[in-house]
Every structure is written in structure tokens, then in C-alpha cells.
Amino acid sequence: MEERNELYPVFLKVNSLQTLIVGGGNVALEKLTFLLKSSPNAQVQMVAPYFREETIEKAKSHQVEMITDVYAEKYLEGKHIVIATTDDEAVNVQVYKDCKQRNILVNVADNPPYCDFYMGGIVTKGNVKIAISTNGKSPTTAKRLRQFFEEVIPENIDDLVQNLNIYRKTIKGNFEEKVAKLNEFTKSLVEK
């Protein structure tokens with residue numbers, strides 16, 4: 001039987017959730033950059049015994065709180081999402097275990113068995129955002145698909161979204177009638 005991606009995609013409002021990144025090296029910078037590119041107002045705290053200079057610059061430009069210390073469970077207080085990026089597997093596994101005990105969503109970078117979620121490829125054009133997942137199997141494929149969609153989705157797609165939002169507000173009737181009218185109106189977008 002063919003393997004299936006059973007992940008459920010969601011779009012989190014990380015500007016109102018508290019995120020912790022454990023680590024200060026290259027992977028931490030990559031995850032921080034990815035998070036802030038998609039959500040520049042994300043609420044992020046980082047803890048690590050040291051931080052790369054590029055990480056410090058990125059953090060300062062986005063009001064990311066940086067704590068120079070080794071990981072301790074106390075840093076999970078009030079957090080909703082945690083990303084472990086250290087090069088010490090024992091620390092990363094401890095972060096995972098501590099998060100599971102507290103029901104905090106956790107991602108241990110490059111270690112799918114210790115992830116509640118993956119940070120996939122993202123395409124953003126105004127209000128349109130597409131997330132791409134390979135079920136943690138091939139980040140490179142997600143990257144290539146992201147590049148493809150960035151090229152084929154027109155830059156003015158947001159104009160369509162804005163206009164449909166205005167049109168939606170003018171439609172009379174109950175929910176089902178409104179959905180039927182919008183479906184009919186947008187059908188031509190996907191017809192060949």
C-alpha cells in the first residue's frame with residue numbers, strides 16, 4: 001500500500017503565540033529566518049549558550065528576545081511552540097520530552113520522530129499563502145515546489161482575493177447560497 005501524508009495543514013497566528021527556539025547556531029538561524037519571513041511579527045524567544053552574529057542581527061531587527069544560557073525546562077513556561085535546533089541530540093530529545101509533558105507543540109530539527117509539526121515550503125503572494133509538505137521526507141522537493149509556485153502564481157493574485165472579498169460581502173442569502181454563488185463565480189479560474 002502506498003504511503004500517505006497524514007499531516008493536517010494549519011496556518012498559525014504566531015504573532016499571538018509564544019515561540020521558543022532552543023539553539024543559536026546555523027539551524028537556529030535557518031528556522032528563525034523561515035519563521036520571520038512568513039510572520040515578521042512572530043513572538044519569539046531564543047535560548048542558547050552562544051548565538052551566531054547573523055542570528056543576533058536577525059533577532060535584533062525583529063525584537064526577538066535572546067537568552068544566553070543552556071536549555072532548562074523553565075524556558076517552556078508560557079510557550080505554545082518550541083523548535084529545538086541544537087547539535088546535541090540529548091538536549092533536543094530532552095526538549096521534546098519536556099514539551100510532550102506540557103502539551104506544547106515541538107519540532108526537533110532534522111529529526112522527524114521528534115516532531116509534532118514540520119516547517120514546510122511556503123509561497124506568499126499578498127493574502128494568498130500556500131504551504132508545501134513532503135511529510136518530512138524531502139525538504140529539497142518542498143523547496144523546488146515552492147520555487148515553481150512562486151513563478152506560476154501571478155503577482156496580482158491578491159487583487160483577485162481582495163475583489164472577491166468585496167463581492168462576498170454583497171451577496172445575499174444564507175451560507176449555502178453564498179458559497180454556491182462564489183463557487184459559480186470562481187469556477188472559470190480552474191476550468192481548462
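**Helix packing, cysteines and aromatic pairs**

Tutor: Helix 5 passes helix 6 in a right-handed crossing (the near helix is turned clockwise from the far one by less than a right angle). The model is predicted, so local features need pLDDT of at least 70 and side-chain atom pairs pLDDT 80 or more, while totals for chains, interfaces and linings use all residues. Residues are numbered from 1 along each chain as its sequence is written, and side-chain values use heavy atoms, without hydrogens and water.

Student: At what angle do helix 5 and helix 6 pack?

Tutor: Helix 5 (residues 157-170) and helix 6 (residues 175-186) pack at about 145°, and their axes are 10 Å apart. Axes are lines fitted to C-alpha atoms over the stretch in contact, with angles from 0 to 180 degrees between N-to-C directions.

Student: How many disulfides does a search of the whole structure find?

Tutor: A disulfide is a pair of cysteine sulfur atoms within 2.5 Å. The search finds 0. The sulfur of Cys115 is 11 Å from the closest cysteine sulfur, in Cys99, which is too far for a bond. Cys99 is buried at 0% relative accessibility (buried means under 20% relative accessible area, exposed over 50%, partly exposed in between, with a 1.4 Å probe and protein chains only).

Student: How is a pair of aromatic rings described?

Tutor: The distance of the centres and the angle of the planes describe such a pair. Ring centres of Phe, Tyr and Trp (its six-membered ring) must lie within 6.5 Å; planes under 30 degrees apart are stacked, over 60 edge-to-face, and the rest tilted. Tyr96 and Tyr114 are edge-to-face, at 4.9 Å centre to centre and 85° between the planes.

Notes. Helix = DSSP H or I, 4+ residues; strand = E, 2+ residues; numbered from the N terminus.
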